[in-house]
Amino acid sequence: MTTGVLIVDDDELIRVGLRAIIDAQPDLRVLAEAADGAEVPPLVARHRPDVVLMDVRMPGIDGIQATRHLLATSADPPRVLVVTTFANDEYVYEALRAGAAGFLLKRARPAEVVEAVRVVAAGESLLFPAAIRRLAGAYGPAGGDRLAAARLTEREAEVLRLMTTGRSNPEIAAHLVVGVETVKTHVGNVLAKLGVRDRTQAVIAAYESGFVTPSG
């Protein structure tokens, strides 16, 4: 199976570099490029990429607007991986809140780019717990009742707390001394009760509700 990628960045040099990195892999292929978020919907409809590498700051339609529109209007949207110059950027946090599965720094090594694309294409979130904690502390609204309304069980709440540390399902299973399939069930229940697409949005909800705090 080949993973199709759409590159969206207003900097041609960045697009060329990302294309070279991705197309060098036998299981990855760049299907199209765009220089503005406004080009994303028709390109996604035409090429059906699995992953969109989305620059967060662009003139015209930026990565936040493009991500929000794509996820709201597509019946089967691709996974969005935000590409950014700075990790501690309010735009990055807003893109994650809008539904991006994670973010990638433009200075990332080629191997990191490839691994990030593969991770999100597989349906996982690219979580950097320390970075999300900093972003939530700097830009996240606090005091919501999202977690209270979700009515998580004690075990589901425990799983969510472990998710905020960036642990994978096998790592959570080892910590709780349960099977991986059991953890998958709990994670699925957490996402469904919170009404979120993936782990990234669940972690953000945990911070914004005060369930966990940026200070620890």
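Modeller: Aspartate 23 is partly exposed, at 34% relative accessibility. That class lies between buried (under 20% relative accessible area) and exposed (over 50%), using a 1.4 Å probe and protein chains only. Its partner is arginine 19: the two form a salt bridge, with the closest N and O atoms 3.4 Å apart. A salt bridge here needs a side-chain nitrogen of Lys or Arg within 4 Å of a carboxyl oxygen of Asp or Glu. Arginine 19 is also partly exposed, with a relative accessible area of 28%.

Helices are DSSP runs of H or I with at least four residues, strands are runs of E with at least two, and both are numbered from the N terminus. Side chains of opposite charge can pair when their charged atoms come close.

A word on the model. This is a predicted model, in which residues are numbered from 1 along each chain as its sequence is written, local features need pLDDT of at least 70, and side-chain atom pairs count only at pLDDT 80 or more. The mean pLDDT (the predictor's confidence in each residue, from 0 to 100) is 89 for the protein. Of its residues, 95% reach 70 or more. Where pLDDT is low, the predicted coordinates should not be read in detail.

Now the wider picture. The whole structure holds 13 salt bridges. One of them joins arginine 109 to glutamate 112, with the closest N and O atoms 3.1 Å apart. Arginine 109 is exposed, at 54% relative accessibility. Glutamate 112 is partly exposed, at 33%.

Another pairs arginine 155 with glutamate 158, where the closest N and O atoms are 3.1 Å apart. Both lie in helix 8 (residues 154-163), 3 residues apart, about one turn of the helix. Arginine 155 is partly exposed, with a relative accessible area of 31%. Glutamate 158 is partly exposed too, at 34%.

Back to the starting pair. Salt bridges that share partners join Arg15, Arg19, Asp23 and Glu33 into one network.

How values were computed:
Heavy atoms only, no water.
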